[in-house]
Amino acid sequence: METTQLLIVEAVCHWVAVSFYLMATAFFTKFLVNSNHKNLTSGWWLSLIGMIPHTLSLGIRWYAVGHGPYLQQAESLSFLAYGAIGMFLAFSHKAPKLKSIGVILMPCALLLLALRFFSAPGNEMPPATFTGIWFIIHTISIVPAMGAFVIALGASVLYLLPKRGGGFSVKLPAPEVLDAYNHQFAGLAFICWGIMIIAGAIWAEQSWGRYWGWDAIETWSLITWIFLGLLLHLRRFFDWQGKNAAWAMIFCFMVSVVTLFFLSSITGSIHSEYLL
Amino acid sequence: MKHLIRFLLSPKTIVLLLTALAIAGVISTVVPQSGTTEPVFFAEWQAKNPLWCSLVKILRLDQIFTSWWFLLLVGLIACSLACSLYYQAKAVITNREPKPANSSLPHTTVTLASTKTNMRAAIKKILAANQYRIISTSIEGNRLIFGKNRLGRWGSVIFHLGLLCVIIAALYNSVHRQRGFATLVEDKPFVANAENWLSTELGLLAPPYNLDLSLQLTNFKPEYWQNDQVKTMNSEVVINNKNGSKTTLPISVNKPARINGVKLFLSGDYGYALDFILNKKSSNPILTHILMDAQTQKTEPLTCEMNFPTTDYQLNIRFFPDLTKPSHFPTFPAVDLVIREKGEPPQSGRLLLNQTSILNNYNTMTLNRVSYWSGVIFVKTYGLPLLYTGFALSIAGAFILYTLPFKVAYFSIIEEENHLKLIISGRVKRYQALFVHELEDIAQKLNQEVGIHGDNATAHS
């Protein structure tokens, strides 16, 4: 098959995946309305089924263009959504109480996939310096980091939802469980974000002989990491639980979004050309 | 001294220092930094906002990361880390015995119709299946303590040790590092001394960057993707040794050449060096190099405008690396030239390699040579092994800290009239709600195994 044909198949797979994710989102939203657990289960299964064409779409594109889904904005957005949904499914399979986080996570993933269509994929190939295992780790570790961020965000938002006598909040996990998940995934995001920074530093050292250059996006990724570290410190030493921790997590998530999505378009940086 | 240590160990101090570090980072993206901004910008800024600009200069906000207050901040963080590390390690080493159960965690009670021996066996079996290991048993065997993820106690120590290593390595490097940028034209000798660098980045206490190294770049070959974007660049560096011998080392992007502790990197910037010779009737021939940046696509011609040094000639150049394909291999290069001289009509034409064009007043211009140039970075980095150790430790530490929390489960057996009662409690620093559920699951399993109510029994929290 020629590259053009492969890319058509990729687009079809992508749309099929988006359709499943849309249906999953509808079921998760329905769960919000009628708190029927069957809707939650249906949403979860539809997300899982959607992963199959999404995997195919990413794989076909990788094969067709000859590089992983980390170089162009459209690819990165799709890969981020894939990572977030994949992590959600994997963790919620092990801990079913996490399934309700799909209510927040699936719309976020759909938003990423929607943003993908604002940046049409071109046929750019990686520049000479974009090689080596540390570069790959640097670009890929952002996926679990953002996945963990979105799950922690979901736990925070669900925690902050007003608790009423009836309605959906009755079916949600206990607030202290949501808080514990928020803590756990903030920790995971801290690890993965740290790996991303470190892998980037090692790659830069091997490419230009300088592991840190205080480039705007480097600096902001460090700021994001510091804020996450602060949140974890505040939890440990100042007993920030519940609401405080949930709001702090939302703030950290917003900082990470600024670092990844907005900063690259307003500052000159080596990342600007390739980031989201 | 005690006050200082108490200050450095205080969680409030840590939060304050980390917040200050984050704010410094934010300021660095708002205030233009002198390393990455043209000096003209600062001159214009000074003229427009003298007060604000003076404040920025006094606080060195335009050079935040080398300012005294930023280094002091990083130094304080390092001291705080070192103190905290000492006490954390001491606490882990000395407190081998588990602390009493956390009274804030709900206790789970199971009523059991079993003998003590059977019950202990069941507890051990179920806890072993959950990866718990026994830490201690009371003499009568009524109290059992199990632990999980004992390595988790070291997580914080390892993580903070890693961070300390990273900060020390970074400070050491920021004091001594030496980086010199040069543009090397293929087959032209270059002496790596202070006066020849295009620019340098030197540590705070680093001397002028003199390597006393003579070398040249040869066999520079870019490779291309199918869409004509550059894929990689390979070349060789020939070192002219003092004894007259030559050493040849391969160099390519991401694969530096190493010479006496100095790493040479191809910067990724490259292009063509065009040598023109101007023969004037009235003076000696003048040779000049024109360096042109390669285009993103190899098929695109390169253009530039320049004044021929020490003359009135102005050149407008359109360079075709290869007229036959076109390709980047300079086999048939050519330039379309427009030459202007004051008071004379412009002359234009195509000049192939080694061709000569006759100008006004019988002057001549020859395209003498076409070769590649490449940006090369000469780097001396300090403390890299310590830095990499720090990286490894901090990631391993964070992983242990947040994925393997140390959990202690307490099982107290109370003998009642005709049955045994088991109280389960625990202690964990993180994710307490999840730990409570884990203990409830264990209680449920115990109930099913040796419970008085058999399979229908439930544990009570």
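## Burial and surface of chain B

In this predicted model, buried residues (under 20% relative accessible area, with a 1.4 Å probe and protein chains only) make up 46% of the 461 residues in chain B. Chain B exposes about 23,700 Å², of which carbon and sulfur atoms supply 57%, the areas coming from the Shrake-Rupley method with a 1.4 Å probe.

## Overall form

The secondary structure of chain B comes to 9 helices and 20 strands, both taken as DSSP runs (H or I of at least four residues for helices, E of at least two for strands). Chain B is more spread out than a compact globule, because its radius of gyration of 36 Å is well over the 23 Å that the globule rule gives for 461 residues; the radius is taken over C-alpha atoms, and the rule is 2.2 Å times the number of residues to the power 0.38. Along its principal axes, the C-alpha trace of chain B spans about 125 × 55 × 50 Å.

Among the domains of chain B, whose bounds come from an automatic or database assignment, are domain 2 (108-149 + 405-455) and domain 4 (274-371), and the C-alpha centres of these two lie 87 Å apart.

## Ser207(A)

Ser207(A) is found in helix H7 (residues 175-208) of chain A and is buried, with a relative accessible area of 0%. Leaving aside neighbours within four places in sequence, Ser207(A) is in contact (heavy atoms within 4.5 Å) with Thr129(A), Asn254(B), Phe265(B) and Leu266(B).

## Conventions

Residues are numbered from 1 along each chain as its sequence is written, while chains are lettered from A and ligands numbered from 1 in the order in which they are written. Local features need pLDDT of at least 70, side-chain atom pairs count only at pLDDT 80 or more, and totals for chains, interfaces and linings use all residues, while side-chain values use heavy atoms, with hydrogens and water left out.

Key: Buried means under 20% relative accessible area, exposed over 50%, partly exposed in between (1.4 Å probe, protein chains only).
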